[in-house]
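Have a look at the protein below before reading on.

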Amino acid sequence: MRPRAAAFNLLEEFLVQTKQTQRFWFIAVLLVGTFTMSISQSSLSTAYPTLMQYFNLPAATIQWLTTGFMLVMCVMMPVSPWLLKNIPFKRLFLGILVIFDVGTLIILLAPNFVMMMTGRVLEAIAVGVLFPAYQSVMLMITPETKRGSTMGVAGLVMGSALAVGPIISGIVLRFTTWQGLFVVFLVIITLVFIASLFTIKSVMTLAPSSIDFISIICSVGIIGVLYVVNQIGQASNWAFNFALLALSLVALAFFVWRQFQLTQPLLELRVLKTFNYDLAVLLTAISYIALIVVTIIFPLYYQKVLGVSPFISGLALVPGAVVLSILNPLTGKLADRFGFKQVMLTGMLLICLGWLILTLFAAHMNLGLMMILAALIEGGNAFVMMPAVTLGANALPDQLIAHGTAVITTVRQILGSAGVAVATLILVNATHVLQNRGVDISQAQIGGYRAVFLTFLIVELCGLVLAFMVRDTKKKA
């Protein structure tokens, strides 16, 4: 009996190790694919001058490669829970990779800006579906007691990729053309597709249902609202813009109303009835605003005020990205051990301190100090964004996690897009006002950046207040 028992124990140990190995490669391939796609979101910020020259178009048009990307993501995110419930995850993930690869290939072959924008839309569709989906999968396959650590790794992917995008772009542009960046994406995602055939499993429970196309059409109102926000301060047809804004707001109001009327809504907004979850939504969005504004605005400050090259401005983001990468997994463990409130309060204090120093000393910055402050703000983000996602998931029943992560991700993306638009709007208009008053161009630019820093200091102070309201509670039954 003993040899049999020993053999059985060895077999059981082998099966456990095999399962753990499969889980490791499942998560690794999922995160590599997500990381690469996430890089594509912010990677073009340092390539704007190159693309402006290549297509002979102004910055206001080229920036739609990023802004339009983010808007399409916002529309696709609410569809993600339905896709998770109706399509086996392996098939869904492979489809996402194919869509992204096709979009990237179109960009590489694009003879004009319209074709490049078409490719970016396809990439955005893939990323918009994947972001909530991968978070839902990570949460569902992880015990609640370890979710903080797991989502810390997920935060490493999302936050670090956003910060790394401009860095990689700057390095690639130093040694090759802008097409080289998309060659990198194409190669990596193709390799991920091949690996996924052997490693990705369908781990989500299916609950087939019909999709509400009316809700999808109404959700496009998000694009209308953010488009009008982007037009503020620009010479445009404001009669059309006001009509579009009104129509978009009506569509979004109808979308919200309809979700509460349907027995199987596209996006389960009833999750917003949970207090801790609502705080989690706002905190992850507010911390994300700080991160994405740093990623987009700081390279502009480096180039326009400090006079460094795009390559150097990209490399200047490295310390912040490194800090973010190191802290993200650690803050998840800290949240599991000490509670979410203490961790998120720490993060919001770090973020507020960074914006406060920027506001007070905007005219006395150098590259080294700016890099330290970027690292301070991005480090604070590591203490807030993904711990807030985990806090929100723990406040909900398991069957609502997919909807909960979709709502958090959608709101985060919408407010992040709005944050970039508002930052750009304030920067341009404040600089223009100061120039009209006879202020020297260099001082006017500094004044514009100070106005941006002050605005986001106020936003992050609101986040600090919300962090004080968090309740560390057990998971909802």
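Which residues is Leu206 in contact with, leaving aside its neighbours within four places in sequence? They are Leu84, Lys85, Asn86, Ile87 and Pro88, where contact means heavy atoms within 4.5 Å.

A quick word on what you're looking at. This is a predicted model, in which local features need pLDDT of at least 70 and side-chain atom pairs count only at pLDDT 80 or more, while totals for chains, interfaces and linings use all residues. Residues are numbered from 1 along each chain as its sequence is written, and side-chain values use heavy atoms, with hydrogens and water left out.

**Back to Leu206**

Leu206 sits in the loop between helix 9 (179–199) and helix 10. Helices here are DSSP runs (H or I, at least four residues), strands are E runs of at least two, and both are numbered from the N terminus. With a relative accessible area of 40%, Leu206 is partly exposed. The cut-offs are under 20% for buried, over 50% for exposed and in between for partly exposed (1.4 Å probe, protein chains only). Leu206 also shows how a chain can fold back on itself: Leu83 is 123 residues away from Leu206 in sequence, yet the two are 9.4 Å apart in space, C-alpha to C-alpha.

**The whole chain**

The protein chain has 19 helices and 0 strands. Of its 477 residues, 54% count as buried. Take the contacts between residues at least 6 apart in sequence: 83% of them join residues at least 24 apart.

Now for the inside. A nonpolar core is a set of buried Ala, Val, Leu, Ile, Met, Phe, Trp, Tyr and Cys residues joined through side-chain atoms within 4.5 Å. The largest one here has 135 residues, and Leu30, Met116 and Trp355 have the most contacts inside it. Helix 13 (residues 275–304) gives this core its largest share, 17 residues. As for Met116, its partners are Leu44, Leu51, Phe55, Leu65, Ile107, Ala110, Trp178 and Phe182, not counting residues up to four places away in sequence.

Leu97 belongs to helix 6 (residues 89–109), and it counts as buried because its relative accessibility is 0%. Not counting residues up to four places away in sequence, Leu97 touches Met37, Ile189, Val192, Phe193 and Ser196. Of these, Ser196 is 99 residues from Leu97 in sequence, with 9.5 Å between their C-alpha atoms.

Ser215 is part of helix 10 (residues 213–219) and is also buried, at 0% relative accessibility. Its contacts, not counting residues up to four places away in sequence, are Phe255, Arg258, Gln259, Leu262 and Leu266.

Is Asn56 buried or exposed? Asn56 is exposed, at 68% relative accessibility, and you'll find it in the loop between helix 2 (48–55) and helix 3 (59–62). Most residues other than glycine have a negative phi. Asn56 isn't a glycine, but it has a positive phi of about 55°.

**How helices pack**

Two packed helices are described by the angle between their axes and the distance between the axes. Axes are lines fitted to C-alpha atoms, for helices over the stretch in contact, and angles run from 0 to 180 degrees between N-to-C directions.

| Helix pair | Axes come within | Crossing angle |
|---|---|---|
| helix 15 (residues 318–338) and helix 17 (residues 367–394) | 8 Å | roughly 30° |
| helix 4 (residues 64–76) and helix 18 (residues 401–436) | 9 Å | roughly 155° |
| helix 7 (residues 113–140) and helix 18 | 9 Å | roughly 140° |

Angles under 35 degrees count as roughly parallel, over 145 as roughly antiparallel, 65 to 115 as roughly perpendicular and the rest as oblique. So helix 15 is roughly parallel to helix 17, helix 4 and helix 18 are roughly antiparallel, and helix 7 is oblique to helix 18.

Who touches whom? In helix 4, Met70, Met73 and Cys74 meet Thr410, Gln413, Ile414, Gly416 and Ser417 of helix 18. That contact divides into 4 nonpolar, 4 polar and no charged residues. Here Ala, Val, Leu, Ile, Met, Phe, Trp, Tyr, Cys and Pro count as nonpolar, Asp, Glu, Lys and Arg as charged, and the others, Gly among them, as polar.

Helix 7 brings Phe131, Pro132, Gln135, Ser136, Leu139 and Met140 to Ile401, Ala402, Thr405, Ala406, Thr409 and Arg412 of helix 18. By class, this contact has 7 nonpolar, 4 polar and 1 charged residues.
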